[in-house]
Amino acid sequence: MKRTTIAFLVALAATPAVANEYEPAMATFLESNIRSWAHDPLLVAAIKAQNEATAGYDQATIDQMDTTWRAEVGAASTPTITPVIENAAADFLRMQVEKSAGQITEVVIMDSVGLNVAASGVNSDMWQGDEAKYQDTFSVGPDAYHFSEVELDDSTRTYQVQISMTIVDPDTGASIGALTVGVDAETLE
């Protein structure tokens with residue numbers, strides 16, 4: 001084999017075989033459907049209020065909250081989950097799900113430590129800080145966004161993609177939290 005052919009094959013092997021085929025549609029969906037409401041003052045205020053409450057939390061406290069949340073999923077009593085899904089910001093998120101006519105499956109906003117602030121419904125865990133939806137947005141900066149691969153979502157039981165972005169304080173431009181929107185993958189085809 002020629003040296004150039006070997007170099008080409010080495011370069012090809014180092015390149016991902018298939019890029020996320022949904023990325024162009026996800027980018028369009030982000031710009032045409034999400035950005036217009038993602039920085040709504042209601043969501044920003046909810047994140048800022050929770051940031052004040054969680055600013056001093058250490059990892060042990062966050063882990064305990066996440067463990068408690070997971071134990072409450074499907075239980076009759078949900079004192080950790082209820083405040084996240086029954087508030088004005090959660091009502092706003094559910095309205096976005098309803099307006100999408102089935103295209104959006106779920107929406108979650110997170111604070112500066114990755115804890116759920118509001119959600120359109122019950123999801124599987126409270127702490128998103130260890131996941132790409134948070135790490136590739138809030139941790140990166142104000143203009144960051146993240147597109148997931150297609151996955152079967154445990155909480156919605158649909159094949160979905162997640163479109164995530166950083167939420168900023170409009171007064172300072174500083175990152176204050178993140179938002180993740182689950183989108184039914186079949187609606188992006």
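The questions and answers below concern strand pairing, aromatic pairs and pockets in a predicted model. In this predicted model, local features need pLDDT of at least 70 and side-chain atom pairs count only at pLDDT 80 or more, while totals for chains, interfaces and linings use all residues. Residues are numbered from 1 along each chain as its sequence is written, and side-chain values use heavy atoms, with hydrogens and water left out.

Q: How many of the residues of strand β1 are buried?
A: Strands are DSSP runs (E, at least two residues; helices are H or I, at least four), numbered from the N terminus, and β1 spans residues 104-110. Buried means under 20% relative accessible area, with exposed over 50% and partly exposed in between, for a 1.4 Å probe and protein chains only. By that criterion β1 is mostly covered, and the number of its buried residues is seven of seven.

Q: What kind of aromatic pair do W37 and F92 form?
A: Rings of Phe, Tyr and Trp (its six-membered ring) pair if their centres lie within 6.5 Å, and planes under 30 degrees apart count as stacked, over 60 as edge-to-face and the rest as tilted. The structure holds three aromatic pairs. In the pair of W37 and F92, the centres are 6.2 Å apart and the planes stand at 65 degrees, a geometry that is edge-to-face.

Q: Why does the pair of W37 and F92 tie together parts that are apart in sequence, and how many residues apart are they?
A: W37 is buried at 8% relative accessible area, and F92 is buried at 12%. Because W37 lies in helix α2 (residues 23-38) and F92 in helix α6 (residues 88-99), the pair ties together parts whose separation in sequence is 55 residues.

Q: How many charged residues are in the lining of the second largest pocket?
A: On a 1 Å grid over the protein atoms alone, a pocket is an open set of points where a 1.4 Å probe fits, with protein on both sides within 12 Å along at least five of seven lines, and lining residues have an atom within 4 Å of a point. The second largest pocket is lined by 15 residues, among them Q50 and P83. Ala, Val, Leu, Ile, Met, Phe, Trp, Tyr, Cys and Pro count as nonpolar, Asp, Glu, Lys and Arg as charged, and the others, Gly among them, as polar. The lining has ten nonpolar and five polar residues, and the number of charged ones is none.
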